[in-house]
Amino acid sequence: MAENLIISAGSKEEKYKDLLPQIKGLVTGEPNLMANLANVAAALKETFGFFWVGFYLVEHDELVLGTFQGPIACTRIRKGKGVCGTSWLEDKTLLVPDVDAFPGHIACSSASKSEIVVPIRKYDQVVAVLDVDSDLLNDFDETDQKYLEELMLCVSDCF
Ligand code: SME
């Protein structure tokens, strides 16, 4: 395993393109789920400086907080609640440019202004979601969606 990430000084897309193979290398061969999710959250935080980045894992009818980087966060989210629970229910990525305009948004931190949530699927079932929050409005776009979805395909192999 490499000890340091090599982070592109270029565009967001170049950063994602450089990061993806490094994350694949990080998780390949490591069987422990939490160890892998912890490193993926850390790699995303280190590369992009996101305000909050982490995982919620499906447990019965709730999402339970997993590994993350950022301020403390709510520990349990019901299916269909908030951005995370809606992403799980609808089984799709949600890009939220202004969290205050999202009905039912769960404010773990008042500093969070925009958000992207990407479901992680195993055998066609959502097993977890990746949640990324920014303290800037409208901070995520289709580039984040494309590469975070690709990354979560890789992360689903860890489950
Ligand atoms: N805002 C999320 C809750 C999780 S925190 O942002 C870390 C939501 O509405 O589901």
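The dialogue below takes up helix packing and then the ligand.

Reply: This is a predicted model, in which local features need pLDDT of at least 70, side-chain atom pairs count only at pLDDT 80 or more, and totals for chains, interfaces and linings use all residues. Residues are numbered from 1 along each chain as its sequence is written, and side-chain values use heavy atoms, with hydrogens and water left out.

Me: How is a pair of packed helices described?

Reply: Two packed helices are described by the angle between their axes and the distance between the axes. Helices are DSSP runs (H or I, at least four residues), numbered from the N terminus. Axes are lines fitted to C-alpha atoms over the stretch in contact, and angles run from 0 to 180 degrees between N-to-C directions.

Me: At what angle do the axes of α1 and α2 cross?

Reply: Helix α1 (residues 12–27) and α2 have axes that cross at roughly 155° and come within 11 Å. The two helices are therefore roughly antiparallel (an angle over 145 degrees). Their crossing is right-handed, that is, the near helix is turned clockwise from the far one by less than a right angle.

Me: Which residues make the contact of α1 with α2?

Reply: Contact means heavy atoms within 4.5 Å. Among the residues that make this contact are Y16, L19 and I23 of α1 and V40, A43 and L44 of α2. By class, the contact of α1 with α2 has nine nonpolar, three polar and two charged residues. Here Ala, Val, Leu, Ile, Met, Phe, Trp, Tyr, Cys and Pro count as nonpolar, Asp, Glu, Lys and Arg as charged, and the others, Gly among them, as polar.

Me: How do α2 and α4 cross?

Reply: The axes of α2 (residues 33–48) and α4 (residues 142–156) cross at roughly 160° and come within 12 Å. These helices are therefore roughly antiparallel, and their crossing is right-handed. L37, V40 and L44 of α2 meet L148, L151, M152 and V155 of α4. That contact has seven nonpolar, no polar and no charged residues.

Me: Are α1 and α4 roughly parallel or roughly antiparallel?

Reply: Their axes come within 10 Å and cross at roughly 10°. Helix α1 is therefore roughly parallel to α4 (an angle under 35 degrees).

Me: Which residues come nearest to the ligand?

Reply: Of the 13 residues around the ligand (a heavy atom within 4 Å), V83, C84, I106, C108 and D133 come nearest. A polar contact is a pair of N or O atoms within 3.5 Å. An N or O atom in the side chain of D133 is 2.8 Å from an oxygen atom of the ligand, and one in the side chain of E115 is 3.1 Å from a ligand nitrogen atom.

Notes
Parallel < 35°, antiparallel > 145°, perpendicular 65-115°, else oblique. Polar contact = N/O pair within 3.5 Å; in protein donor to acceptor, adjacent residues only side chain to side chain.
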